Amino acid sequence: MNAVALELDGLAVDFSGFRAVDGVSMAVAHGELRVLLGANGAGKTTLMDLISGKTKSTEGRVYVHGRDVTNQREHKIARAGVGRKFQIPSVFSGLTVRQNLEVAQSGQPGVFANLKMRLDTEAQERLDETLDLIGLTDEAETEAGVLSHGQTQWLELGMLMIQNASVILLDEPTAGMTAGETAKTAEIINRLKGKHTLLVVEHDMAFVRDIAERITVLHLGKVLAEGNVAFIENHPDVKAAYLGKQGIS
Amino acid sequence: MKTLFSSYHVWAYLAFAIVILALPLIGDEFWLNRVAKYLCYGMLGAAVALTWGYAGILNLGQGLFFGIGAYAMAMSLKLKSYTSMQQGSETPVPDFMLWNAEPGAPTDLCCITPGSWLWIPFQSQWVGLIVAVVLPAVFAYIMGRIIFGQRISGVFVSIITLALVLLTRLIVTDAQPLTNGFNGLTDLGWFTVFGVELDPYSKVTYMVVAVALIIVLALTRMLVATRAGTILQATRDSDTRALYLGYDVPAYQSFFFAVSAGIAGLAGMLYVIVAEFASPSFLELSFSVTMVVWAAVGGRGSILGACIGAILINMLEARVSETESLVEAWKLIIGFVFVIVVIYLPKGLSGLAHDLMSKLQSAPKLSSVQKEEAHQ
Amino acid sequence: MFDVLFIGLSLSSILLLVALGLAVTYGAMGIINMAHGEMVMLGAYVSVLANIWLGANLLVAIPIAFVVTALIGLLIERLVVRRLYGRLLDTLLATWGIAIILQQAIRLEFGLSFFGIHVKGLGSGLQNVPVPQALQGTVSIFGQDLNAYRIFIVAMTLVLAVATWAVMYRTSLGMKVRAIIRNPGMAAACGIDVKRTNAITFALGSGLAGVAGVLMAGFKTVAPDMGATMVVDGFMVVVTGGVGSLFGTIAASGLLGEFNALVAMVSNDIIGRAAVFAVVICVILIKPAGLFTFKGR
């Protein structure tokens, strides 16, 4: 087994009495793709908020490659190697696709380090590769605001790739996509696997079967079960809590 | 340099530079003095565009920075004025301080009125010059760190900046013995460079202002073309996304906020050299909003556009105001123009020019493609 | 001490008069109407004109001013504000343009001055409106002689605040407005005509400003630029109180007015006003959601 890339230790948050995430511990190995399953309100998105620093946790720790990043400011956690894609795609709508990717190459995030005109050749090459990978080479000079929904999602994925985040959090990457777009998204995600560590929230079971190795099921803020696809699909507690008493019909 | 000077941008900047440098050939000193004031306003317009267009921060208190720059320079020039030399002391003391002083107070800057010692360093015009640019920038940076560090954005930033400029105005007018209150600082001396006195009504002074404007415009345009400039625009579109890419968004916002404030301070300083007064009217809300009008009409997304917008509006205003009965009508027109620009032309005149130019540029390409198709 | 508190109360009531309309338009529609002060000014001019041309006193002018400014508000909403929904900063700028237009319209007597025609009561000069006999003089309370008209204003402000509350919380319009505040998309899906409701809300806010103008005409000289600084004060109050909270607006006007009076007592009026700005800046920095809002999840 590889080294642990992301480790959560008893992570919890208390919203004046309501514990949306309640003592979650898990370890995701380097290069692993972990899927988070759970009904609405199970605490999936909140868990991502806690990892990425959007919400401050009240208990527990978050380690990225062994480094404690618990409750640091968002950009500090991002610099520690955590990238995040939101449920509603968020790109820089006033910039071109190329500029979006340029900004995403945030190796040197300081203001003064960026008072230069252009990227070096190596960075340019990586940018072109990424454009090719997400299939937006022809749209490189297009303003990101006019891209289609699917293209916007891919651009955001591309930004995470080029950001060189070692741990990538994806919140429902296929929400609102057509079947064709979903298939292409699965392809992109499968390419990320191995190089990056991924934590994916997803509802679409067909898509989950396409990409998942291990699944963690959350229920009412707690970890209910963890295992491979077959194990989870046949787990009685999961059936009861998430899929309903009848299981998948 | 492809992205910076692609296409017509460089030509637009060059043309503008040539035009304002050539104006002394056609105008007299009186007219040039007026144009020099508008060039200062143009610089101010560019400063507004930098924060508003590129950072998405609508600063409704930009007049604060202009005012600080203006007062800093005016304090130095006031001490150089003949009106400050006739108080029977070794060192200059502003005339109004004498009028406001307690009977029997020593005629010296150290202690003629409480706080008058603040004026002492301004006996050097270079202190005035440096303070005029550095103080607004430093103040804006600290302000930005506090405001943006709290993740305050949008209208709330506008309200804070607006409250701050009005607050400062009240303090300046209340500190009558120190600032001459509502009357402001008048009867100023002249700035001197290498033994040359900058007579406001001279071609030399005009050229100083024009060259300063050209340098500021060029540097600002280059600044927004850097990676940092692109990142700033990124924070405008989505500050969350930029944060999660690892950028310290408040640092970027504060940096450019400070640059914009420094430019505004420089504009205020030059304005005082040309106009020979500083007054609390610079700190009125209407002045700060007027700058935004200039930038909106010229184009908030273009440094040069906002600058030209400011100059054109003021030239037009001066022309219209020559007819007494039209002075009030002009304000009415400005009101209408503003509403129409905001609704129908959010990118301003420069946006219009941009659309026009890209049509012109793409037209020949299109026709050549069509020709090829016709051949096949 | 009591007289200072009364001055504070008087200042508070004026702040609240201006802020009420803003609380409605900004709170409900999220629109910053920079022409709000000019609606107050128009209300004041309605009372001037009603007095000169109809011989009507202040009390009669109140309903007229409400109707006139509400209609003008409706017109502004139709012509400008409606086109800018979702562009908050642009609305702020466009309404600033409208503010200039309204000021100049009064100054230029609706453009008639170009033709040498002058309307009595308009123009750039200052106007005064007589206060009805019954509201002149002083009233003795707790051994203090207090200006009767000031007391009348405080009372009228309370009446207007209660009326606004009733409209927002006891009528179907208010329910629709509050639904739109929470979720405009959902409100529309539930069959609420969002555009129409917004138009009525804007008219209501403008009408309230008009009434404020009439009341102010009784103790302030009326001039075309009298409203220019009011909108700033109004916003300070609404933002300090918490956007969308009517109670917050009322409480904030009370706090800021009294604070202004107290600081002014120990220093002077200018510093009193400056202190209010300082407090507002601090409130926005420390608690951007406003003092009187309750934190949800």
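**View 1. I168(A) stands opposite L198(A) in β8(A).** The model shown here is predicted. L198(A) also has a bridge partner in another strand: L33(A). A further bridge joins V167(A) to T197(A) of β8(A).

**View 2. Strand β8(A) pairs with β7(A) and with β3(A).** Strand β7 covers residues 167–171 of chain A. Its pairing with β8(A) is parallel and runs over five bridges. Strand β3 covers residues 33–37 of chain A. Here too the pairing with β8(A) is parallel, over four bridges. Strands of a sheet pair through backbone hydrogen bonds, in either the parallel or the antiparallel sense.

**View 3. Both faces of β8(A) are covered.** In a regular strand, side chains alternate between the two faces of the sheet. On one side of β8(A) lie T197(A), L199(A) and V201(A). On the other lie L198(A) and V200(A). Each of these residues is buried. Strand β8 spans residues 197–201 of chain A, and five of its five residues are buried, so the strand is largely enclosed by the rest of the structure.

**View 4. Six strands of chain A form an open sheet.** Their order is β6-β7-β8-β3-β9-β10, and the pairing is mixed. Strands β6 (82–85) and β10 (222–228) of chain A stand at the edges. Each has a single partner strand, so one side of each is left without a neighbour in the sheet. Direction ignored, neighbouring strands of this sheet are turned by 20 degrees against each other on average.

**View 5. Helix α1 of chain A packs on the sheet.** This helix is formed by residues 44–52. It touches β3, β6, β7, β8 and β9 (214–219) of chain A. The direction of α1 makes about 150 degrees with that of β7(A).

**View 6. Chain B meets chain A through 24 residues of its own, in contact with 25 residues of chain A.** On the chain B side, the elements giving two or more residues are α9 (227–237), α10 (239–244) and α11 (249–275). Helix α9(B) gives the most, with eight residues. By type, the chain B residues that touch chain A divide into 13 nonpolar, six polar and five charged.

Note on methods:
Residues are numbered from 1 along each chain as its sequence is written. Chains are lettered from A and ligands numbered from 1 in the order in which they are written. This is a predicted model: local features need pLDDT of at least 70, side-chain atom pairs count only at pLDDT 80 or more; totals for chains, interfaces and linings use all residues. A residue is buried if 20 or more other C-beta atoms lie within 10 Å of its own, exposed if 12 or fewer, and partly exposed in between; C-beta atoms are placed from the backbone. Two strands pair if DSSP finds at least two bridges between them. Two residues are in contact if their C-beta atoms, placed from the backbone, lie within 7 Å. Ala, Val, Leu, Ile, Met, Phe, Trp, Tyr, Cys and Pro count as nonpolar, Asp, Glu, Lys and Arg as charged, and the others, Gly among them, as polar. Axes are lines fitted to C-alpha atoms, for helices over the stretch in contact, and angles run from 0 to 180 degrees between N-to-C directions.
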